[in-house]
Amino acid sequence: MSFSTLGLSPSILKAVAKKGYETPSPIQQKAIPLILAQKDVLASAQTGTGKTAGFTLPLLHLLSKEIPQRKRPIRSLILTPTRELAAQIYDNIKAYSEFTELRSAVIFGGVNANPQIRTLENGIDVLVACPGRLLDLHSQGHLSLNKIEILVLDEADRMLDMGFLRDIKKVLSLMPTKRQNLLFSATFSKEIKQLANGILHQPVAVEAAPENTTAEKVNQKMYRVDKSSKTEMLIQMISEGNWQQVLIFSRTKHGANRLAEKLGKKNITAAAIHGNKTQNARTKALTGFKKGTIRILVATDIAARGLDIPLLPYVVNYELPNIAEDYVHRIGRTGRAGASGIAISLVGQEELAYVKSIEKLLQQQFPFETREGFEPTMDFIPEQAAKKKNPSKNNQRRKKSYRGSRNR
């Protein structure tokens with residue numbers, strides 16, 4: 001199948017060809033015809049499979065069918081949870097709409113709002129936005145959503161995780177009820193299905209990969225290691241393997257800063273990216289990482305969805321996430337678009353419960369590996385760890401067993 005068979009306009013196909021796309025991905029094959037037919041769509045696809053093109057290409061096709069008005073109202077809104085994801089989608093839209101007359105803009109917090117306001121005043125067709133800045137500018141009278149024809153919620157599950165439900169409901173109240181709705185998510189949680197029921201009208205569900213699957217070409221490894229030895233082990237891996245581009249996940253902002261500093265002291269160029277960093281600092285770090293001037297990017301989960309780094313070879317969980325689904329999103333930064341990648345997790349004794357949750361979610365087991373010189377000093381057998389945490393519960397079990405044997 002080629003893009004030309006999906007029903008897209010010549011101007012969109014010209015842009016697709018310029019980008020070098022030849023064969024649509026499974027999510028694109030399923031979603032694009034439905035969106036062109038103006039159906040409401042609830043779509044789930046493994047990260048890195050082309051979701052963005054799956055909704056932006058048909059969206060631009062539909063909008064370009066009408067001649068733009070002299071004073072352009074915002075006709076399509078794409079809501080995203082993070083600044084990085086918003087910027088990425090905007091860049092794609094600019095490329096895909098190059099041979100159309102459509103105008104687009106992106107707005108998010110952390111930067112001066114005045115340039116964004118000036119762009120909106122000139123009139124645009126497609127707006128990519130994070131909820132906070134969108135509502136701020138709306139309350140100040142700088143934009144109107146009363147002409148929205150197509151709404152897209154991208155990474156909707158992440159927006160719910162980040163507490164944006166109230167903002168989403170507020171945004172919905174500002175738009176016409178008659179519109180096309182597209183909800184894209186990496187997972188179909190119960191909360192997502194509830195949100196979809198309140199937004200979508202007779203939606204068609206699309207799933208390009210089983211829920212919560214991980215890329216087939218990602219080699220996942222879990223190393224058991226004492227918490228105090230994680231940094232030393234990581235530095236040794238990077239140095240001996242001569243790793244040149246590694247995305248490392250830390251659970252906290254302070255932890256990300258500390259790790260980046262420690263790597264820097266070992267002459268390994270590193271930068272941290274998280275919510276406390278200014279947008280300029282985040283953009284600078286990400287640009288340096290993509291160009292190769294920065295070898296290591298240490299991130300919190302803010303980077304788990306919105307980073308598009310082609311052919312990223314390594315992802316490291318310095319600390320495992322306490323939400324199993326976030327593990328899927330993290331390692332999904334590698335092994336994208338059919339490429340291979342390696343995902344390494346450094347697991348401390350206190351993180352064994354997280355491993356169990358991940359194994360349950362993915363329905364597979366991960367045998368622990370060890371590295372010479374870093375064998376853990378603690379017992380890593382989960383059952384024994386559980387006994388140590390709940391001695392009273394296990395004592396009760398032993399007493400019950402004893403009573404049972406006496407009765408027999």
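Biologist: In this predicted model, what makes K230 and Y318 a case of a charge over a ring?

Modeller: K230 lies over the face of Y318, at 5.8 Å from the ring centre. The cut-off for the distance from the ring centre is 6 Å, so the value of 5.8 Å falls within the limit.

Biologist: What makes the contact of K230 with E351 a salt bridge?

Modeller: The closest N and O atoms of K230 and E351 are 2.7 Å apart. A salt bridge requires a side-chain nitrogen of Lys or Arg within 4 Å of a carboxyl oxygen of Asp or Glu, and the pair therefore qualifies.

Biologist: Why can this pair be said to tie together parts of the chain that are apart in sequence?

Modeller: K230 belongs to helix α10, whereas E351 is in the loop between β13 and α15 (352–362). The two parts are 121 residues apart in sequence.

Biologist: How do you know whether K230 and E351 are buried or exposed?

Modeller: The relative accessible area is 2% for K230 and 1% for E351. Buried means under 20%, so K230 is buried and E351 is buried as well.

Biologist: How many salt bridges does the structure hold, and what makes E98 and K18 one of them?

Modeller: There are twelve salt bridges. For E98 and K18 the closest N and O atoms are 2.8 Å apart, and the limit is 4 Å. E98 lies in the loop between α4 (83–96) and β3 (104–107), and K18 in helix α1 (residues 10–19), so this pair joins parts that are 80 residues apart in sequence.

Biologist: Why is E98 called partly exposed, and why is K18 called exposed?

Modeller: E98 has 40% relative accessibility, which lies between the limits of 20% and 50% and therefore counts as partly exposed. K18 has a relative accessible area of 56%; exposed means over 50%, so K18 is exposed.

Biologist: How do you know that R330 forms a salt bridge with D301, and where in the chain do the two lie?

Modeller: Their closest N and O atoms are 2.8 Å apart, within the 4 Å cut-off. The pair links distant parts of the chain: R330 is in helix α14 (residues 324–331) and D301 in the loop between β11 (296–299) and α13 (303–306), 29 residues apart. R330, at 0% relative accessibility, counts as buried, and D301 does so at 14%.

Biologist: Turning to rings, why is the pair of W243 and Y314 called stacked?

Modeller: The structure holds five aromatic pairs. In the pair of W243 and Y314 the distance is 4.3 Å centre to centre, with 20° between the planes. W243 lies in the loop between α10 (230–241) and β9 and Y314 in strand β12, so parts 71 residues apart in sequence are tied together. W243 is buried at 8% relative accessibility, and Y314 is buried at 18%.

Biologist: What makes β12 a strand that is covered on both faces?

Modeller: In β12 (residues 314–317), Y314 and V316 on one side and V315 and N317 on the other are all buried. In a regular strand the side chains alternate between the two faces of the sheet.

Biologist: How do you know that β12 pairs with β9 and with β13?

Modeller: Pairing needs at least two bridges. Four bridges join β12 to β9 (residues 246–249), and these strands run parallel. Four bridges also join β12 to β13 (residues 341–347), again running parallel. L247 stands opposite V315 in β12, and the bridge partner of Y314 in β13 is I342.

Biologist: Why are the buried residues of helix α2 said to lie on the same side?

Modeller: In α2 (residues 26–36) the buried residues are I27, Q28, A31, I32, I35 and L36. They cover an arc of only 125° around the axis, which puts them on the same side of α2. Their cover includes β1 (41–44), α3 (51–64), β6 (180–185) and β7 (204–207).

Conventions. Residues are numbered from 1 along each chain as its sequence is written. This is a predicted model: local features need pLDDT of at least 70, side-chain atom pairs count only at pLDDT 80 or more; totals for chains, interfaces and linings use all residues. Side-chain values use heavy atoms; hydrogens and water are left out. Buried means under 20% relative accessible area, exposed over 50%, partly exposed in between (1.4 Å probe, protein chains only). The arc is that of the directions from the helix axis to the C-beta atoms. Contact means heavy atoms within 4.5 Å. Rings of Phe, Tyr and Trp (its six-membered ring) pair if their centres lie within 6.5 Å; planes under 30 degrees apart count as stacked, over 60 as edge-to-face and the rest as tilted. A charge sits over a ring if NZ of Lys or CZ of Arg is within 6 Å of the ring centre and within 35 degrees of the ring normal.
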